[in-house]
Amino acid sequence: MPKTPPTKPDLRLVSAEAEIYDLMRTPVTTADRVKRLQMEARALAVEQVDALEKLLMQASAMAQEIADGGDAYPVGARELAGRLAADLPAKAQTLKAIVSRTL
């Protein structure tokens, strides 16, 4: 009888807060389904806010480039871009703080 090689364990990293849910299993009750859908909606909302935060930081960097662009840009555009470059990182941090409080 040939020896079969030992199988490697299936190791996966999962955060402590993660809840494993069998998507093929139907929820026990409607309330269970509502809870699961609400959890999914919250997770998607957090992802979208994170994406917005990253976009705000990218916009801030671009605004700083315009503000520092010299005479190639109109004076009003440089001034507005300078204000945006200063304001957007604070707005991104505010979003991050709001989301972290709700988790």
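A salt bridge here is a side-chain nitrogen of Lys or Arg within 4 Å of a carboxyl oxygen of Asp or Glu. By that rule, this predicted model comes out with three salt bridges. One of them joins the side chains of E40 and R36, with an N to O distance of 2.9 Å. Both E40 and R36 sit in helix α1, four residues apart, or about one turn of the helix.

Now for how the helices pack. Two packed helices are described by the angle between their axes and the distance between the axes. Helix α1 covers residues 30-67 and helix α2 covers residues 75-102; their axes come within 8 Å and cross at roughly 160 degrees. Angles over 145 degrees count as roughly antiparallel, so α1 and α2 are roughly antiparallel to each other. As for handedness, α1 passes α2 in a left-handed crossing. The contact of α1 with α2 has 18 nonpolar, three polar and four charged residues.

Then there's the largest pocket, with a volume of about 170 Å³. Its lining is made up of M39, R42, A43, A45, V46, V99, T102 and L103. Which helix gives the largest share of that lining? That's α1, with five residues, while α1 and α2 each supply at least two.

How values were computed
Residues numbered from 1 in each chain as written. Predicted model: local features only at pLDDT ≥ 70, side-chain atom pairs only at ≥ 80, totals over all residues. Heavy atoms only, no water. Axes fitted to C-alpha atoms, helices over the stretch in contact; angles between N-to-C directions. Parallel < 35°, antiparallel > 145°, perpendicular 65-115°, else oblique. Left-handed = near helix turned anticlockwise from the far one by under 90°. Nonpolar A, V, L, I, M, F, W, Y, C, P; charged D, E, K, R; others polar. 1 Å grid on protein atoms, 1.4 Å probe; cavity = no way out; pocket = protein on both sides within 12 Å on 5 of 7 lines; lining within 4 Å. Points joined across faces, edges and corners; volume = space filled by probe spheres on them.
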